[in-house]
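Hello,

Here is the structure we talked about passing on. Please have a look, then read the notes below it.

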Amino acid sequence: MSDTRRLRLKVNGAFVERTVPVRQTLADFLRDDLALTGTHLGCEHGVCGACTVLLGGDAIRSCLLLAVQVDGQEVTTIEGLSSSERLSALQEAFHREHALQCGFCTAGMLITATAFLRDAGGQDEAGVREAISGNLCRCTGYSGIVQAILDVARQHAPSATAAD
Ligand code: FES
Ligand code: FES
């Protein structure tokens, strides 16, 4: 019989309490226990980035953490990035720029880019490419993804400074 532990955390703004096996990954907890299947599993050992979620605002690999390690913390998944009514600005930009094909990488890519845009704001193309270098996409060639992130960075960049 596997050991279990009571887990309390906040997921996409809602408090959640479950008893989980101590060896269950955060990714499996989100997908299997909470039915948040927008978080994808590819490599399951920290390489592809498909399982990326926000933990307290930082983009992390949910396949590399145990669910019990996030007890008491706050997790945001792709389902938490938009309301039922409206996509986020970044999701709109992905749609506009054709930044996805099969979509397998897209949730992780959006989460990584969301954290990047919040922390780094406006960046050049090289900065965007470096930011998403840990998220693998087999379909798009990355151009649309980079353009979508740059679009949002520019939308939210401060307008020209008074000194100029
Ligand atoms: S499934 Fe987690 S990094 Fe690939
Ligand atoms: S859209 Fe298919 S893996 Fe990125």
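Arg96 counts as partly exposed, with a relative accessibility of 44%. Keep in mind that this is a predicted model. Arg96 sits in helix α2, which covers residues 89-96.

Which residues does Arg96 touch, once those up to four places away in sequence are set aside? They are Asp151 and Gln155. A further pair is worth checking on screen. Arg96 and Gln147 are separated by 51 residues in sequence, yet their C-alpha atoms are 9.8 Å apart in space.

Now the other side of that contact. Asp151 belongs to helix α5, residues 143-155. Is Asp151 buried or exposed? Its relative accessibility is 15%, so Asp151 counts as buried; the cut-off is under 20%. Leaving out neighbours within four places in sequence, Asp151 is in contact with Arg96 and also with Glu97.

**The chain as a whole**

The protein chain has 5 helices and 5 strands. Along the sequence they run β-β-α-β-β-β-α-α-α-α. The radius of gyration is 17 Å, close to the 15 Å from the globule rule for 164 residues, so the chain is as compact as a globular protein of that length. The C-alpha atoms fill a box of roughly 65 × 35 × 30 Å along the principal axes.

Contacts next. Take those between residues at least 6 apart in sequence: 55% of them join residues at least 24 apart.

**Burial, surface and charge**

Of the 164 residues in the protein chain, 41% are buried. The chain exposes about 8,900 Å². Carbon and sulfur atoms supply 49% of that area.

On charge, the chain carries 14 positive and 19 negative charges.

**Cysteines**

How many disulfides does a search of the whole structure find? The count is 0. Cys51 has a relative accessibility of 3%, so Cys51 counts as buried. Cys63 is buried as well, because its relative accessible area is 10%.

Best wishes

Methods. Residues are numbered from 1 along each chain as its sequence is written. Chains are lettered from A and ligands numbered from 1 in the order in which they are written. This is a predicted model: local features need pLDDT of at least 70, side-chain atom pairs count only at pLDDT 80 or more; totals for chains, interfaces and linings use all residues. Side-chain values use heavy atoms; hydrogens and water are left out. A disulfide is a pair of cysteine sulfur atoms within 2.5 Å. Buried means under 20% relative accessible area, exposed over 50%, partly exposed in between (1.4 Å probe, protein chains only). Helices (H or I, at least four residues) and strands (E, at least two) are DSSP runs, numbered from the N terminus. The radius of gyration is taken over C-alpha atoms; the globule rule is 2.2 Å times the number of residues to the power 0.38. Contact means heavy atoms within 4.5 Å. Accessible areas come from the Shrake-Rupley method with a 1.4 Å probe; for residues, only the protein chains shown count as cover. Lys and Arg count as positive and Asp and Glu as negative; His and the chain ends are not counted. The place of a charge is taken as NZ of Lys, CZ of Arg, CG of Asp or CD of Glu.
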